[in-house]
Amino acid sequence: QVQLVESGGGLVQPGGSLRLSCAFSGSIFSIYVMGWYRQAPGKQRELVADITSGGPINYADSVKGRFTISRDNAKKMVYLQMNSLKPEDTAAYYCNARNPLVRSSSNWGQGTQVTVSS
């Protein structure tokens with residue numbers, strides 16, 4: 001089984017920065033596509049960014065140029081650096097792990113709250 005634990009959320013002023021971390025427990029971390037999703041009250045969960053072990057990175061249009069996703073395969077960690085935060089970034093942020101070799105593979109962390117407010 002895969003377990004994911006997020007950390008790093010909190011309250012920050014507009015224009016500020018936060019770095020979220022996701023710790024992966026399980027086997028063959030390097031094969032997983034790792035992603036960050038977020039969900040605000042009354043809205044559907046949406047993709048923020050995802051990253052493969054050695055290839056493409058995808059970002060939502062709303063965060064391009066402000067957020068950076070990265071991973072450390074040796075440490076089994078995924079990060080989301082968030083800069084120039086806006087109030088509309090306020091949401092619960094979730095780490096996701098998907099094994100591309102397993103049908104319907106999707107694993108979720110418990111979430112970490114990010115609140116951007118003055």
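**A tour of salt bridges and one loop serine**

Select glutamate 46 and arginine 38: their side chains meet in a salt bridge, 2.8 Å from N to O. This is a predicted model. Four salt bridges are present in the structure.

Colour the two partners by accessibility. Glutamate 46 has a relative accessible area of 37%, so it is partly exposed. Arginine 38 counts as buried because its relative accessibility is 6%, under the 20% cut-off.

Now follow the chain between them. Arginine 38 lies in strand S4, while aspartate 89 sits in the loop between strand S8 (77–82) and strand S9 (91–98). The pair is 51 residues apart and links distant parts of the chain. Both arginine 38 and aspartate 89 are buried.

Next, go to lysine 64 and aspartate 61. Here the side chains meet in a salt bridge of 3.1 Å, N to O. Aspartate 61 is exposed, because its relative accessible area is 66%, over the 50% cut-off.

Last stop: serine 30. Look in the loop between strand S3 (18–25) and strand S4 (33–39). Serine 30 is partly exposed, with a relative accessible area of 40%. Show its contacts beyond four places in sequence: Ser53, Arg71 and Asn73. Then draw a C-alpha to C-alpha distance from serine 30 to aspartate 72. The two are 9.0 Å apart in space and 42 residues apart in sequence.

Methods:
Residues numbered from 1 in each chain as written. Predicted model: local features only at pLDDT ≥ 70, side-chain atom pairs only at ≥ 80, totals over all residues. Heavy atoms only, no water. Helix = DSSP H or I, 4+ residues; strand = E, 2+ residues; numbered from the N terminus. Buried < 20%, exposed > 50% of the residue type's maximum accessible area, 1.4 Å probe, protein only. Contact = heavy atoms within 4.5 Å.
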